[in-house]
Amino acid sequence: MPIDGTNRGPEVLLVVRRGPQAPPLGAQVEDGLRGAIRTGRLRPGDRLPPTRTLARDLGVSRRLVVDAYDQLVAEAWLEARVGSGTFVRRALPQVDVAGAPRRVGRAAPVPRPRIDFFPGHPDLSAFPREDWQRATRSALRELPDAAFGYADPRGLHELRVALATMLARSRGVVCRPGQIVVCQGVVQALGLLVRSTGEGSDRAVRVAVEDPYLAEHRDVLGFAGAEVVPVPVDALGVRDEAVAAARPDLALLTPAHQCPTGVVLSAGRRAALAGLAQEHGMLLVEDDYDAEYRYDRSPVAALQALAPGQVAYLGSTSKTLAPGLRLAWIVVPEDRLAAVVRAKRYADAGSPVLEQAALARLITSGVYDRHVRAARRRQRTRRDALVAAVGLELDGARVEGAAAGLHAVVRLPAAFDASALVQAALLRDVGLYPLSTYAADPPPRTTGIVLGYGALAPPAIAEGVRRIAAALDEISSG
């Protein structure tokens with residue numbers, strides 16, 4: 001069916017088939033638009049027809065077209081511009097689709113699967129472009145000339161003040177602005193903590209990490225010269241006695257929503273770890289990577305609030321705004337502050353000032369809080385869609401972990417070969433990530449899969465879970 005290009009967008013041929021053997025209409029519209037972009041019939045910057053127009057031309061419901069546009073926006077094929085319409089993105093998506101979580105320094109990327117449940121993807125289509133533009137313009141008008149020179153390596157003072165106020169209010173963090181060091185992502189923050197801890201020593205810094213945990217962060221710690229020691233996680237979070245037995249200099253933890261299992265560190269273990277840190281001079285590093293997303297109750301306070309002198313608190317905008325901003329921060333205990341600031345100075349002399357100023361204005365104006373609340377509502381809908389799809393399509397499976405974050409662990413009723421499951425899913429244009437690949441010593445079989453829903457519209461989530469069920473049936477019968 002041709003799309004009328006007059007004042008509506010480019011002319012594109014979309015064919016919608018009907019009948020009992022035809023794929024779902026929504027999937028056909030998505031695939032047709034995606035194919036037009038891949039083949040160059042729709043070019044970067046082209047404007048698409050309004051959803052009402054395309055629905056009328058194709059003889060389908062407008063809701064179906066809206067969902068198709070939303071999905072392609074979430075996959076970064078399209079972008080929605082308020083007041084202007086929907087356009088093909090100028091930078092089209094290419095990401096890695098390996099069976100294990102992505103690691104730093106991987107080879108050239110390949111096109112991502114149509115439905116990618118990668119846990120690290122936030123909803124980039126929801127980035128508040130107009131608010132960010134206004135905040136940037138305000139910063140350019142108002143910042144003094146001196147702000148663009150070599151300044152405090154800790155970061156822009158007004159951002160650190162805004163962060164201290166926000167973190168105290170939303171996470172219970174206890175700090176003054178001078179304890180905050182702004183970094184270019186959590187990757188840099190981890191490197192600074194390792195280098196500052198090992199300053200003046202000829203032995204490797206010993207870092208305890210949760211098992212399972214992100215392979216990327218284990219790699220980053222190793223690259224920084226640390227000795228990485230995995231410690232097990234159970235239903236109550238990381239096991240404090242295992243941390244004690246490891247005798248680390250640092251312990252990297254995700255207490256609010258363990259990555260990837262989703263468990264919340266129990267109150268008893270929080271207290272035990274705080275006591276261990278004080279007794280042995282150990283630094284607890286709290287990665288509070290997605291604490292803004294708790295759906296069933298108010299989030300628990302940061303571990304840092306319990307032991308401000310023993311915890312370095314890490315936060316970022318990667319899950320709330322976009323990882324490409326490279327904005328993160330460390331709240332550093334007073335007795336370690338000078339060493340961390342020194343490491344930051346020698347790393348890059350300070351983070352880019354304009355992005356810091358824009359974020360400060362978003363926070364102080366209340367725009368950031370409104371954006372996070374809207375994102376939380378949207379992501380709760382997506383998690384609910386995932387839970388419903390698992391209950392409908394995957395017999396005997398259950399969703400584990402707290403109702404929080406941008407991913408969930410789905411526990412299958414039987415163990416499967418992890419590699420075979422990944423490949424069977426990829427053949428159906430679905431990217432999924434076995435829980436076993438997050439382990440320090442990955443077993444070949446798994447009962448758990450980690451499904452990220454942050455960048456997927458509910459129809460795509462439902463379709464993806466259906467395809468996972470088909471993949472499981474294939475390898476079970478094969």
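1. Some terms before we dig in: buried here means under 20% relative accessible area, with exposed over 50% and partly exposed in between (1.4 Å probe, protein chains only). Helices (H or I, at least four residues) and strands (E, at least two) are DSSP runs, numbered from the N terminus. This is a predicted model, where local features need pLDDT of at least 70, side-chain atom pairs count only at pLDDT 80 or more, and totals for chains, interfaces and linings use all residues. Residues are numbered from 1 along each chain as its sequence is written, and side-chain values use heavy atoms, with hydrogens and water left out.

2. On to the sheet. It is an open one of 8 strands, running β4-β11-β10-β9-β8-β5-β6-β7 with mixed pairing; two strands pair if DSSP finds at least two bridges between them. The edges belong to β4 and β7 (237-238), each with a single partner strand, so one side of each has no neighbour in the sheet.

3. β4 pairs with β11 in the antiparallel sense over 4 bridges, and V182 stands opposite W329 in β11. From β4, I180 and V182 point one way while V181 and C183 point the other, and all are buried.

4. The bridge partner of V233 in β7 is V238.

5. Helix α5 (residues 157-171) is worth a look. Its 15 residues reach 20 Å from first C-alpha to last, close to the 21 Å expected at 1.5 Å a residue (the expected span is 1.5 Å times one less than the number of residues). Its buried residues are L159, R160, A162, L163, A164, M166, L167 and R171; note the two arginines, R160 and R171, in that list. Their cover includes β4 (180-183), β10 (311-316), β11 (328-331), α11 (353-365) and α12 (367-393). Just after α5, G172 takes a positive phi of about 75°.

6. Of its 37 residues, L193 and I330 touch the most other members. Helix α6 (residues 186-197) supplies the largest share, 6 residues. Leaving aside residues up to four places away in sequence, I330 touches Q179, I180, V181, C183, A189, L193, A312, Y313, L314 and V340, where contact means heavy atoms within 4.5 Å.

7. The whole structure has 2 aromatic pairs. Rings of Phe, Tyr and Trp (its six-membered ring) pair if their centres lie within 6.5 Å; planes under 30 degrees apart count as stacked, over 60 as edge-to-face and the rest as tilted. F118 and Y433 have ring centres 5.4 Å apart and planes at 70°, so that pair is edge-to-face. The F118–Y433 pair links distant parts of the chain, 315 residues apart: F118 lies in the loop between β3 and α4 (129-142), Y433 in strand β15 (residues 433-434). Both F118 and Y433 are buried. For F127 and W132 the centres are 5.8 Å apart and the planes at 55°, so the pair is tilted; F127 and W132 are both buried too.

8. Last, two arginines. The charged end of R81 sits over the ring of F87, 3.9 Å from its centre (the criterion: NZ of Lys or CZ of Arg within 6 Å of the ring centre and within 35 degrees of the ring normal). R89 is in the loop between β2 (85-88) and β3 (115-116).

Conventions: A nonpolar core is a set of buried Ala, Val, Leu, Ile, Met, Phe, Trp, Tyr and Cys residues joined through side-chain atoms within 4.5 Å.
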